[in-house]
Amino acid sequence: MSLEDLPPLRDVLAEHGILANKGFGQHFLLDLNITRKIARLAGPLDDCVTIEVGPGPGGLTRALLEAGGRVIAVEKDPRFLPLLADLAAAAPGRLTVIQADALKVDERALADAVQPGAPVRIVANLPYNVGTPLLIKWLTGPLRPESLSLMFQKEVAQRIVAEVDTDAYGRLGVISQAVAETEIIMDLPARAFTPPPKVASAVVRLTPKTERPSDTDLQSLEAITREAFGQRRKMLKSSLKLLGGEALCEAAGINPEARAETVDVAGFLRLARARL
Ligand code: SAM
């Protein structure tokens, strides 16, 4: 059977008697028009290995395979393995399914096993409970993806792209934007998912910059933003007291009486480097 001949996703779920498990953050995209649009907006996929986390019944996986290239799908819930095996058979040699917890896998090693040194793109409708730790792992770890196109709860998506001096601006935005260009490329209402979650969602595309801060700069940035936004209403000289306080701010050219949300990403990078 080819990809075009696969039965509708609703029928596949019914045939296997699979109901969504909320504990695994399962909200499925069963409309292939939507998954194809996500794959299209994720950029050219035929020149790279695409890693998808949480393929579930495989709606997005189908669209990624239609877009071309090789796909590695990492799924924790073993109930989906037979469905994904059918999908792999419909796209011979192009889909590798790994049953694992995505927080624990080494994506670089997985991609290299499929195609050594291959450029990697990540595309995923993420389980909400692990979306943020996965994003930080991919942005700051050894994978070095070309791009990441990721579905989040809308409120999390807004925090990733937030501008300085807004309520949504915080640690997640600073770390994401220190490493990557960020953009919301699609909004989706809750009713687009089966079952619908409580809140709306959005897809964020992150394109890592060619010059990434060093690993030590990033570690320092994580520590500084944890303290600064942990007490975001306080002046930096007091919230950053344990990391150097007023002297640190002055060394970085930042007003010690400023509050975290008024310091832009470049300012936080200066603070991170001044602390080293
Ligand atoms: N991609 C599918 C879609 O769009 O219809 C399913 C998306 S659903 C929001 C999240 C998926 O991630 C589920 O299939 C769930 O089993 C899987 N999942 C949850 N936690 C995971 C983890 N730690 N590692 C890998 N997969 C996980």
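At what angle do helix α9 and helix α12 pack, and how many Å apart are their axes? Helix α9 (residues 215-230) and helix α12 (residues 265-275) pack at an angle of about 115°, with their axes 8 Å apart. Axes here are lines fitted to C-alpha atoms, for helices over the stretch in contact, and angles run from 0 to 180 degrees between N-to-C directions.

Before going on, a word on the model. It is predicted, and local features need pLDDT of at least 70, side-chain atom pairs count only at pLDDT 80 or more, while totals for chains, interfaces and linings use all residues. Residues are numbered from 1 along each chain as its sequence is written, and side-chain values use heavy atoms, with hydrogens and water left out. Helices (H or I, at least four residues) and strands (E, at least two) are DSSP runs, numbered from the N terminus.

The angle between them makes α9 roughly perpendicular to α12; angles under 35 degrees count as roughly parallel, over 145 as roughly antiparallel, 65 to 115 as roughly perpendicular and the rest as oblique. The crossing of α9 and α12 is right-handed, a term used if the near helix is turned clockwise from the far one by less than a right angle, with anticlockwise giving left-handed. On the α9 side, the residues that meet α12 include L221, I224 and F229, and their partners in α12 include F268, L269 and A272. Contact means heavy atoms within 4.5 Å. By class, this contact of α9 with α12 has 9 nonpolar, 2 polar and 3 charged residues. Here Ala, Val, Leu, Ile, Met, Phe, Trp, Tyr, Cys and Pro count as nonpolar, Asp, Glu, Lys and Arg as charged, and the others, Gly among them, as polar.

Helix α8 (residues 171-179) also packs with α12, at an angle of about 90° and with the axes 9 Å apart. That makes α8 roughly perpendicular to α12. V174, Q177 and A178 in α8 meet V265, F268 and L269 in α12, and the residues of this contact divide into 5 nonpolar, 1 polar and no charged.

R171, V174, I175, A178 and V179 in α8 meet L218, L221, E222, T225, R226 and F229 in α9. The contact of α8 with α9 holds 7 nonpolar, 1 polar and 3 charged residues.

## Buried residues

Helix α6 (residues 131-140) is mostly covered, with 7 of its 10 residues buried. They are G131, L134, L135, I136, W138, L139 and T140. Buried means under 20% relative accessible area, exposed over 50%, and partly exposed in between (1.4 Å probe, protein chains only). The table gives three further buried residues from other elements.

| Residue | Element | Relative accessible area |
|---|---|---|
| S149 | strand β5 (residues 147-153) | 1% |
| V156 | helix α7 (residues 154-161) | 8% |
| E107 | helix α5 (residues 107-114) | 4% |

What do they touch beyond four places in sequence? S149 is in contact with A42, I122, V123, A124, V203, V204 and R205. V156 touches T132 and L172, while E107 touches I51, A102, K137, W138 and L143.

C48 is buried, with a relative accessible area of 3%, and C249 is buried at 0%. A search of the whole structure finds 0 disulfides, a disulfide being a pair of cysteine sulfur atoms within 2.5 Å.

## Backbone details

Most residues other than glycine have a negative phi, and most peptide bonds are trans. The peptide bond from T194 to P195 is cis, with omega near -10°, and P195 lies in the loop between β6 (180-188) and β7 (201-208). R144 has a positive phi, near 55°; this residue sits in the loop between α6 and β5 and is partly exposed, at 47% relative accessible area. D165, in the loop between α7 and α8, has a positive phi of about 70° although it is not a glycine. At 54% relative accessibility, D165 counts as exposed.
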